[in-house]
Each structure stands twice: as C-alpha cells, then as structure tokens.
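Here's a quick briefing to read with the model open beside you. It goes from the interface to single residues.

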Amino acid sequence: MSSTNNNNNNNKSNINSHPVGRSRSQLPTPKAKKYDRQLRLWGDHGQQAIEQARVLLIGANAVGTETLKNMVLPGVGSFTIMDHRRVTEEDCGSNFFVELARIGEPRAKVCAELLRELNEDVIGDFLEDRLDVLLQRDPGFFTGFSLVIASGVRHSDLLVLSDLLYDRDVPLIVCQQHGMLATCQLVAREHFVWEAHPDNPLPDLRLENPLPEFVAFCDAQDLSAMDSQRHSHTPWLVILYKFLSKWRQANAGKFPSNYAERQAVRQLIRSGERGESDLHGDEENWRQAQSAVTTALLPSKLPSNVNELFKLADQFWLRRQQLSDSSAPSEDRQAAVPPSNWLLLCRTLAEFYRQRGCLPLCGTLPDMVSDSDRYVALLNIYRRAADADLVEFSRLLRVVCLDIGLSADSVPASQIALFCKNARHLRLVKTASYRELSRPLPQTVARCLEETAEAGPSPFWWYLLFHACDRFHTEFGRFPGDTDDVNFLADAGQLKLKCQQLAQDWLASLATTSAAGPTSAPEDLLHELCRFGRAEVHSVAAWMGGVLSQEGIKLITGQFVPETRTMLYDAVSQTFLPVF
Amino acid sequence: MALHDVQSSPGTDNRWRHVRRLLERAGPLGGPEFEPDPELFSAIRSDLVQILVVGAGGLGCEMLKDLALSGFVNLHLIDMDTIDLSNLNRQFLFRPKDIGRPKAVVAAEFVERRVSGCRVTPHFGKLEDKPLEFYRQFMCIVCGLDSVQARRRLNQIVCSLVQFDESDQPIPTSVIPLIDGGTQGFQGHCRVVRAHATPCLECTADLYSSTQQGFPLCTLAHTPRLPEHCIEFARIMQWPQEWPFGEEVPVDGDDPHHVDWIRTEACKRARQFGIREPDFRLTQGVVKHIIPAVASTNAVISAQCVTEVFKAITGCYPLLNNFANFSDIEGVAVNVVPLERNPQCDVCGQPPPKPLTFNSRDSLQTVINQLKSEHGMTRPSLTACVEGRDVTLYMDLSFLRDQLADNLDKSLAELGLLSNTVLNVTDSAQSGMKPVTFVLNLEDGMET
C-alpha cells in the first residue's frame, strides 16, 4: 500500500486539532476486526479495560455460565469459575456449557473448559472449593478480582461474601432464578461513571454566556444581505443566536427562562424566515433553528449528578482537613487513603465551576444544515474553546494535586480529557451493602405490603418469596417443589410459613405492624413457586445472563450507567421491574 | 404413564426436569387454556413440532441454543451468509477455523453436537429460495435478522400462509406465530405476530424505517460537514468515476483495500474542507452500514423471543402482547407496548388477498388481462413489494403509461416477481377505490 500519498497538502487540515498526514494505509489488525462491532460502542479504551478485567463467577448454573459467556465473547481478560458441584443430568437440560458425556465431572472444570473455547484471547480457570469453606480459609482470594458474580448462592454465604467485597470495593452482582422468574442486584460501594453515553444529549453550546469568538463570528453574518443560497445554508446556531440576541435586547438582557419565553424566540425566528413570496420558502435551516429552541435555550444549571460529585469531593477534603488539623494519630483509615483519580478530578471540576460558572465544554456540535465553511468554522470555535478549557482544567488539577502533596501529573492526560469531555454526564453510582439491601427497611416493607395488598403478582412479593425459598432450603435442604412427588404443592404450606416469618422479621422494628398489609403471600405465587421447584428454565436464565453481563461490562469499563435497584425479571409478563 | 421412560432414552428423565415442571404441573399464572399433561413434553419433541429459525447471526445462534435447551428437537435454520472474523465477538457457535463456512451449517453442527438428541436442519440460502410450502410445515417461526427487507419478506410469507374460511375469517390453525427479534447496540425488541390477530410487521413498517437512511446527495456534493459525508462522496461519486480496482468492480465493504481507498479519498476531501479525517473504522462503518452489536443484547432479545416461542407452542403462559422494547444504556429498561393493527395494511389488511395463479414466464399483460376479465377491473394499476422495495409495475395513467409500457411484455420472472408476492391493485377507472390485494402463486415455483 502506498504510504506517501498526499502529505504535501496538509497545512489546511491544521484547522482541525487532529493528527494530520495519517492518510497512509491503516488496515485493521485481526483483533480490531474480531471486536469491530463492539469497539464501535465502547471504543478501544473500553476494550482495554475489559481485557484487563478479572471476573469471578460463583455458581456455574445456567444464569452464571450465560453471564460469563457474554463476557468471554467480548474478550474479558480472565475468568475464574468457583463451583463445588458435579455435572448432573439436569445441568445438561439447562446449561449450554456442560455435556451429557461429562456427567459426574466437576462442574466448574467442565464449564471453564467449554467457555474458554469461545475466545482464545481469554484465560479461564476454575476452583472446586465450597464457598463457605474458602471464605473462611482464604478471604483474600476474593478481593483480587475486578468483579464477582454470584449466581444461586445461598443468602447466608452471600452476607459473608458481600461484606468482604464491599469493604474492599470489589463490585458484586447477585442473582437468583426460580423458573420463569429471576432477581438481580448490583452491590457496589462506589462506581464512577466516566462516560454515560446518554441517548440524546443536549447540545453543549453556552448560549447563555456565548463564547466571544462565537459572538464575533455571528456578528459578521449579515442575514439580510445574503443571497438565497447563503441564507438557506446559514447554520441554525447562527440564526438562533441572532434572534436570541434580539429577544434579549428587548428583555433587559435576560436569557429565556421558561417555555413561553423560548416560544417567543421561536416566533421571532419564524418572522425572519424568507417566505414563499421570496420563492425560497423551503428553508430547512430555519426550521431547525425553530425546533432547536427547545434544546439549545434551556437555562444552564449544574446537573444534579455533578453537584453530587462536588459534595463528595468537599466532604473528602473537609475530612482530610480536619484530620490534619487535629494532628491526632490517624485512626480513620480514610485519612491514609489518597483520593482516587476521579475524586481529584471532581475536586478540580468544582474549582473550575466556581471560577467559571460553567463546566468544561465538550467541543462537539450536532450536525446541521449549513455550507461547509461556516459549519467547520463554528465547530472549530467550539473545539478551540474546549481545548482551552482542558488546558485550564489541567492547570487547576496540578494545583489540586500539589496542594495535597501528590505529584502534578498524578492523573494521566487521556483520563483528564475523557473527564472534561463528559463533564455534564459524570456520576457516582453507589449501593448499600448486600446485608442492608437484602433486608429492606421496615417502612419500605410496610409500604410494599400495603401497596400490593390487592394486586396479584408484584415484584416485591416475588422477592420476599425468593428469600422465603432460601429459608425453606436452609431448613429442608431442598427448594419448595423440587421433588418428584406429584403432590408438589405439599411444600406450599411450609413456604407460606417461612414467608410470614420473614415478613414479620423485616417488619420487626416497626412499632405499628398493624399498619402494614397482609404478611401472607398470595396463594397464586406460592403455588407457582412450588410449580417451578427451582427450575432453571434456560431462556429465562439466558435473558438474565445477557443483562448481567452488560451490567458487568458497565462496571468494568466505567461506561454507561448501571442499574442499581434490586430488579425482578418476570418472563411470564416480560417485565423487568424494581422490587421496592 | 410413560413419564419415567428412563431406559429407552437415557438422559431425558432428569435432564429435562426444568422444562417439564412447566408442562406437567398446573399453575395459576398459566395461560387460560393450559392443561398440564405429562405427554406434552413428548409432544413437543415429536415430528409435529418443527420450528424455523431465520438468521444464524448474533440472534440466530442464541435462539438455536435457547430452543435446544427448551427441549425442542426439530429445528430448522436458514441463513445465506458465511462466517466472518467480525462475527466471533457474539456468534458463539463459530470458531476461527469456521471462517468462510456457511453459518447455518456450522451452527447446526455445533448445537447437534452439544445438545444431544436435538436435530437441526440447516438451509444455506435465501428466504425466497424456498417454496411457500416449505414454511407451512412449521409450528412457529422465530426470526433474528438485521435487514428490514428480509423481515418484510418473511412477514409477507407468513401472512400469505393464512387461509380463510367461507366468511373470510382466518382459519386459526393456518396462522403460524412469527416471533421477531432485532438489536442495535444496547437496544433491541421482541415482538409476537399472529397474523390477523396482532399487527404484522408491515402494519408498523415505520418502526424500522428510520435507521437506514442515507445523506442527501447535494450535501455530499456541495456542503460536506462531517467525515461521513466525505466517505459517502468517495463511495458514491468518486468510485464509479475512477473504478480504482478495475472497470465495473463494485465496492466491497469487506475488502480492506477497497475501504482504504475510500478512506484515503475521503481524507483528501476532508482536508480540502477542513473536516476531521475519517479513520478506517468509521469508513468501513459508513460503507457497510454497520450496526454495532454485542453479545449481551443479542442474548437478551433471543432469550425473550424463545420464551415466547415456548409459550406459543405449549400454551403454558399467555403470549407477550405484543411488543417489548429493551435498552440497557442507562439502567435497564423493558417496555411492553401493545401495538395496533393497521386496517389498511398492504399485507394483512382486510380483505384477505386473493390468489392469482400464473407461470413465471407469463407476461405482466397476461396478469392484467385476467384482472380485467375475471376480477372486474377496467384500468388496473399494479404495485408490488419486490426485494423489500415497493415497485410500481404498471399504472394506467396517461402520463405514466409510456414509461411503464415496457413492463407489459416482460415476464413475471424478469420483473422479479416470485411466488407469494403480494400485488396491490387499484382500478384507475374507479376513483377512491381501496387497493385490492392479490397474492401471486407461480406454478413453476421459484426457478426464476
């Protein structure tokens, strides 16, 4: 391939802040080709994070292996399967990663082997230990992973496991399946979302306090003097700005603050459009300008997700300050912990916002009807401003770092750029510990009981029953209905009892228990759970495996926003709803 | 009771306990007409229950696995593609050694090997390669396609299999449930079509249309603003002027040298206009209209579809009514929406299409003559959906007559009309008349 073509004409492309002279051939590597369809979603840096992740699966049942499958395929660095069971006939009717010929072999081993076949880039390992035993013997083992998935693990073990992981900041995903139903719960003390990838982000244009360069550009555009070609190819951003300025002049300089005022700007724009009498009535750019009123003229305010981050950074620095002032021997372990990169960046962001009254620009423009030169000129104005913001932000960050005795280049430049580009969409995702989550507050329980007193199947009742099943299992060593007895409903009575006890326990500290609704589960649900007998219906497991793997990828990459609520998948109604 | 038939079929006793619980035990949440029966499981494994999976890509691989582990043993799989390296990040039945082989064949082999007892019949080819009768054998059709055109074609096939009684009511046993899955990145849908009871895919065709749009040519030629515009300019305008890989050699989006030529040209143009230069990935994405895809979304949508297949065949739970949307970009959201039928739908709108029987060598004029002589038309105008596009075959209007006159002498084969094609006919002599639909039945089958 020719690699020398056309490097002579590069001076023009310096308008862009992008590398030039890269027109030599750049055929993709086999790896880039293999992962092409997903790299378009999370980028090379997302892929890199995935390839560095170490995932532990506890419980190689159908949900567990399906989840892992969807992480092995996109190339997770390594996985370990922990399972003490042996492959059974039943597994062969629900789990794709076992075979009839291997009945009796360790399930962890067989699943690890068959999963490894999916992707030669992935390292796979297994352990035959019992969870409770290993938790006792080698707790450190569990904290060496970037993510732990626990499928079908009993409640008592989950409490120990999750306390351990929560304390060490290792995210955990918990799931349980009974027949056509499955629950899942993410447990993460702190998870920072670097790139939320919102579906329809609002344009970041700063029209409230427009960029000086942008103002100069717009001022140089004389709409009335334009020929029809130029007029109908003026970017809507320029049109909007001009009529916004007109409106502001007539309204003591204020920025539109409500729907009616934005509509007034829209009316102004409409009046400026060249009508049919001009023979050029069809001006798409003018229509775009009118509809942009609803998105581009929203008053800029600090997004609540970012405000949360400012508070967190404040709290951290305050605590730090207090500790250094008191000069007492530090017992608070927090003090010894240096701030993570995202905390340093959030602290800097707060400072940037305090000084500038705005967040760093992201430096992108939506596409719009325009001739090339003016669109490119506008885009470059915004890009340059974003670059300048980044420079300023980096300067502030150095100050923040030096101020607490960290080196000035503690945060890699690529991370700073990513942070600034996504500033409006950053957020911290937190959940309570599994111990708290799995024991809802009495008030919550009372509310749910009341709300669902009349209704049939509700996510809350299913969730309560799932926990009742766990108690049933603890007492009888099997799940309700998991019997060859034709009279499978014989277990319903005991399950009902467990359910009542559990509801009472959850309500225990609530003085006015009577305020709550009935504490006995609807008969239909008890019956249905006994019907399932803990069946691992494969298509239901596969659904959950799909969802959980993506949640795992969110946690590993810091991209997209994880679901933090306890959720119930009901394959009967095809709904996925929060339990509380 | 042959419930514990252990000796005759090893591994079926406990192996399928999960699924059998749903079929052999009554439950209050079951479908309205569901009667548990120990024989039901043997029934779904009998020759009576044949299921067709359309597409052996990201969705199809998952669907095949999910069906096999739902206990179904008579599966058919149809796909016209061969395996590419870029499939391996989600099409988990394929390995690097399979690259270049037909997807349907490899997927079938794999599932038969892994899930013993399951039979998968592969069909390496296009939907229209099969006669209408081929589709009639299935109790349910589940579809995981990425093309709107192929979806519309399949929908037309399924709808045309519906038979009607004397009072023009669809005969329920002739309605084959069609379960359709689709994904795009982290979003997807699952829908259940029971022709004439729920909307068919054509009723809501606008749901699919917006995703596959190009750029206006005048933008590409005169006012490019994005790297994408430069890529499309190089592909559409420059390529056929320069034929860089030989006269009349079309762009092959899978040939990296082709893509790189377009990228190089697009970069030159981008520099000229001060636009950011496209890289290889972006170029190939635009050239091939690549839809991003991940394993997780495919797993979710396929699983949902197969759960609905299981419900449709066994009746153990009520079917999804009738469309579920999925997205897991921000949190995880599933929305169930009951879509509504379009009474004017070209494919399933009333009245049911009347069959027109011809030979593929017959001319369009012959068809028009018959419409006149046997269906009371005076000046019939015909449109049809050919390869997923609406095509005007003939229009009896003075200003169009000359343009379309050539079509009259062409054979049905030449016009691309296949068996099961739905013809929409209006009579220009009767203004305001609703189109009448006919379904083409070609006696010499598909040998076009």
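How much area is buried between chain A and chain B, and what percentage of it do carbon and sulfur atoms give? The figure is about 8,400 Å², with carbon and sulfur atoms giving 56% of it. Keep in mind that this is a predicted model.

**The interface between the chains**

- On the chain A side, 104 residues are in contact with chain B, and they meet 91 residues of chain B.
- Within chain A, the residues that lose the most area to chain B are Arg37(A), Phe96(A) and Arg531(A), and together they make up 11% of what that side buries.
- The rule picks up 12 salt bridges across the interface of chain A and chain B.
- For polar contacts between chain A and chain B, the count is 43 residue pairs, with both residues at pLDDT 80 or more.
- Several elements of chain A give two or more residues to the side that touches chain B, among them helix H1 (30–34), helix H2 (36–51), helix H16 (372–403), helix H22 (523–532) and strand S9 (567–570).
- H23(A) supplies the largest share of that side of chain A, with 11 residues.
- Sorted by class, the side of chain A that touches chain B holds 43 nonpolar, 30 polar and 31 charged residues.

- Ser372(A) belongs to helix H16 of chain A.
- Is Ser372(A) buried or exposed? Ser372(A) has 5% relative accessibility, so it counts as buried.
- A polar atom of the Ser372(A) side chain lies 2.5 Å from the backbone oxygen of Pro224(B).
- Leaving out residues up to four places away in sequence, Ser372(A) touches His222(B), Thr223(B), Pro224(B), Arg225(B) and Phe273(B).

**Chain A overall**

- Chain A has 23 helices and 10 strands.
- Along the principal axes, the C-alpha atoms of chain A fill a box of roughly 90 × 65 × 60 Å.
- Chain A has 580 residues, and 54% of them count as buried.
- Take the contacts in chain A between residues at least 6 apart in sequence: 71% of these join residues at least 24 apart.

**Buried elements**

- In strand S2 (residues 78–82) of chain A, five of five residues are buried, so the strand is mostly covered.
- Both faces of S2(A) are covered, with Ser78(A), Thr80(A) and Met82(A) buried on one side and Phe79(A) and Ile81(A) buried on the other.
- S2(A) runs parallel to strand S1 (residues 54–58) of chain A, and five bridges join the two.
- One of the residues to check here is Leu57(A), whose bridge partner in S2(A) is Ile81(A).
- Over in chain B, helix H3 (residues 58–68) is largely enclosed by the rest of the structure, because 11 of its 11 residues are buried.
- The buried residues of H3(B) include Glu62(B), Lys65(B) and Asp66(B), along with Leu59(B), Met63(B) and Leu64(B).

**Asp129(A), in a loop of chain A**

- Asp129(A) sits in the loop between strand S3 (123–127) and helix H6 (131–137) of chain A.
- Its relative accessible area is 19%, and buried means under 20%, so Asp129(A) is buried.
- The side chains of Asp129(A) and Arg137(A) are joined by a polar contact of 3.0 Å.
- Not counting residues up to four places away in sequence, Asp129(A) touches Met82(A), Asp83(A), His84(A), Leu134(A) and Arg137(A).

**Two partly exposed residues**

- Glu351(A) is in helix H15 (residues 341–356) of chain A, and with a relative accessible area of 24% Glu351(A) is partly exposed.
- The side chain of Glu351(A) makes a polar contact of 2.6 Å with the side chain of Arg354(A).
- Glu351(A) and Arg319(A) are 32 residues apart along the chain, and their C-alpha atoms are separated by 18 Å.
- Ala205(B) is found in the loop between strand S6 (187–193) and helix H7 (206–209) of chain B, and at 25% relative accessibility Ala205(B) counts as partly exposed.
- Along the chain, Ala205(B) and Cys345(B) are 140 residues apart, while their C-alpha atoms are separated by 9.5 Å.

Methods
Residues numbered from 1 in each chain as written. Chains lettered and ligands numbered in written order. Predicted model: local features only at pLDDT ≥ 70, side-chain atom pairs only at ≥ 80, totals over all residues. Heavy atoms only, no water. Contact = heavy atoms within 4.5 Å. Buried area = accessible area lost by both parts, 1.4 Å probe. Salt bridge = Lys/Arg side-chain N within 4 Å of Asp/Glu carboxyl O. Polar contact = N/O pair within 3.5 Å; in protein donor to acceptor, adjacent residues only side chain to side chain. Helix = DSSP H or I, 4+ residues; strand = E, 2+ residues; numbered from the N terminus. Nonpolar A, V, L, I, M, F, W, Y, C, P; charged D, E, K, R; others polar. Buried < 20%, exposed > 50% of the residue type's maximum accessible area, 1.4 Å probe, protein only. Pairing = 2+ DSSP bridges.
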